[in-house]
Amino acid sequence: MRVALYGLPCAGKSYILDRIDFLEVVRGSEMLRKLNPDFQNLKDEEKEDLRKELTRILKKRDNFIVDGHYSFGDKIAFTKEDGELYDTFLYLYISPEIIRRRMELSDKNKKYLRYDSESWQKKEIEALRKYCHQQDKDFFALDNPPDNFFENILPLVEFIKAIKNGFSPKNFARKCAKEILEIAKSDTITLMDGDKTLTKVDSSHEIFSYNTKIYDGNFYTGFQSCRQEKEFCDMGFGRGEEGPALEETDIGGTGLEGEALKTAVLSLPLNKQVTSHITLDTFILTSGHGLVWEALANKLGVKAYYGFEMCAETKFFITKFLQEAGKKVIAYGDSLNDYYMLKQADDAFLIAKEDGKLSRSLADKDLGGINIVRA
């Protein structure tokens, strides 16, 4: 397992690495200076050669985490060799305002104040995410809305430990795709998001009165889905992937149990514009509560896939893996959590609100090739 931790200068990568004791910690900048003490004064071509030399050295090692930079302002430092070396990419996102304040206090990093931190981070995240999608690697954006910095980094350290122990939306997607291929009867597979696509409402809010700030950063990677799982558990209604039937269940904090809970779930309003397109080979991919979507899937006569590894990357990779197996994929979704799946699908349908407005999470996204359908 080779993990890369990326982020802007002053993001705080070293602070995190100082607290990791379950992987070998490699300090990329320190190793570069060991290779050449005058590294900072080298020409760009010479720096790139040294970075490539560092990756060749690290290829002989395993089970480590290393800090790194995708770019320095407008100069890209990321190389093909970097991409091939690492299994998993983490990106530490910090509020641009906080990054700027830290740079102002750093003699070493004041030179980067001429760059816009917000667009710089956005470009790096999208570039790394795209690369990981192309190369079948896990990518995670690490953010902490609404604070947008980590006063307590224990959640980050625990998450990195989970990655070491096998947490992988990509691998989960491969498992789901394999099962779908075994079930499917035709060459066309339809993938549908759950909340606000199949249902007109957010089921977790309706059933559990659940509200969260976790997705305010609009990243929707496995880090955010993992944090949602913790919130579910902390509020007393874990997803229940292996739990009892809904008829027998009392989910803490809802005030509902047994038949009353089942009635509330099955009374959720469905989007007929979407349900009318359910076929024999339709599958639900949802970040919602497992018990809720098991019940709704049974009502609709389809199978649902869910869990704390279900995120935007999982949906994307399921689509990609099905296509690589020769299947045509039709996809339905409503937000950034579905965006990469929709862009990858052969035919894609984005569900707008009844007034025609789209999810705010899609504000700056290219929707070319995606059909927009009003709920």
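**View 1. Glu-313 is a buried residue, with a relative accessible area of 1%.** Here, buried denotes under 20% relative accessible area, computed with a 1.4 Å probe and protein chains only. The model is predicted, so that local features need pLDDT of at least 70 and side-chain atom pairs count only at pLDDT 80 or more, while totals for chains, interfaces and linings use all residues. Residues are numbered from 1 along each chain as its sequence is written, and side-chain values use heavy atoms, with hydrogens and water left out. Glu-313 belongs to helix 14, which spans residues 312-324; helices are DSSP runs of H or I with at least four residues, numbered from the N terminus.

**View 2. The side chains of Glu-313 and Arg-129 form a polar contact at 2.7 Å.** A polar contact is a pair of N or O atoms within 3.5 Å; within protein, one must be able to donate a hydrogen and the other to accept it, and residues adjacent in sequence count only if both atoms are side-chain atoms.

**View 3. The surroundings of Glu-313 include Arg-129 and His-133.** Glu-313 also touches Phe-139, Pro-169, Tyr-220 and Thr-221, when residues up to four places away in sequence are not counted. Contact requires heavy atoms within 4.5 Å.

**View 4. The setting of these views is a protein chain of 375 residues, 53% of which count as buried.** The protein chain contains 15 helices and 13 strands, a strand being a DSSP run of E with at least two residues. Among contacts between residues at least 6 apart in sequence, 71% join residues at least 24 apart.

Technical notes: Buried < 20%, exposed > 50% of the residue type's maximum accessible area, 1.4 Å probe, protein only.
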